[in-house]
Amino acid sequence: MQKLTQIGAWLHRRAENIAALMLAIMFIAFIVQVAFRYLLNLPIGGASELTILMWLWLVLWGAAFVLREADEIRFDFVLALAGHRVRRVMSVLAAVALLFLYGYSLPAVWDYVTFMKVQDTSYLDIPYDYVYSIYIIFAVATLIRYAWLLWSALTDRYVEHAELGGQEE
């Protein structure tokens, strides 16, 4: 179990590295865009498009692999009023609802993303199925996360953020 924890921590750090790289690419593309537009009076659309693509990927990549459960925004004031048993029931209900919604929508999302291979982005000529493939990765990662949270809540192994006093272990 310790080896799995170490591998998970290593993978989490690599996901953070990839997110930082995407942020750096986005920032550099933004600076290039500003420099070309205002210093050289030569607007370039590719830098703007790259900035938007990196933002899309950064947000969904971060939500799928970088954010921890304690980092997510919740209605903590409602959870704080409930007892442990009620919080477990709320966690189970939320996990079941999200598993259903993401699972139900996944085939339609897959169809849409694979259909978008017929069109490319305006400047960089990247097929839109590559652009939107991050959403499938995000949805699958979210399904896995909430399946784990459901299992943890059902087996009473889930350590709630409220019980930690907002601090990480």
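Student: Why are α2 and α5 called roughly parallel to each other?

Tutor: In this predicted model, local features need pLDDT of at least 70 and side-chain atom pairs pLDDT 80 or more, while totals for chains, interfaces and linings use all residues. Residues are numbered from 1 along each chain, and side-chain values use heavy atoms, without hydrogens or water. The axes of helix α2 (residues 45-66) and helix α5 (residues 128-154) cross at roughly 10 degrees, on a scale from 0 to 180 between N-to-C directions of lines fitted to C-alpha atoms. Under 35 degrees is roughly parallel, over 145 roughly antiparallel, 65 to 115 roughly perpendicular and the rest oblique, so α2 and α5 are roughly parallel.

Student: What makes the contact between α2 and α5?

Tutor: Residues of α2 including L53, W57 and W61 take part, with Y130, I134 and F138 among those of α5. Contact means heavy atoms within 4.5 Å. The axes come within 8 Å, and the crossing is left-handed.

Student: How do you know that α4 and α5 are roughly antiparallel?

Tutor: Helix α4 (residues 84-115) and α5 cross at roughly 155 degrees, their axes coming within 9 Å. That angle is therefore in the roughly antiparallel range.

Student: Why does the pair α1 and α2 count as roughly antiparallel?

Tutor: α1 and α2 pack at about 160 degrees with axes 9 Å apart, so they too are roughly antiparallel to each other.

Student: What makes R88 and D156 a salt bridge?

Tutor: Their side chains meet at 3.6 Å, N to O, and the term needs a Lys or Arg side-chain nitrogen within 4 Å of an Asp or Glu carboxyl oxygen. R88 lies in helix α4 and D156 in the segment after α5, so the pair ties together parts 68 residues apart in sequence. A search of the whole structure finds one salt bridge.

Student: Which residues make the nonpolar surface patch?

Tutor: F27, I28, F30, I31, V32, V34 and Y38 make this patch of about 680 Å². Patch residues have over 30% relative accessible area and no salt bridge, with like charges joined within 9 Å and nonpolar side chains within 5 Å. F27 lies in helix α1 (residues 2-39).

Definitions and conventions: Areas by Shrake-Rupley, 256 points an atom, 1.4 Å probe, with all protein chains shown as cover. Helix = DSSP H or I, 4+ residues; strand = E, 2+ residues; numbered from the N terminus. Left-handed = near helix turned anticlockwise from the far one by under 90°.
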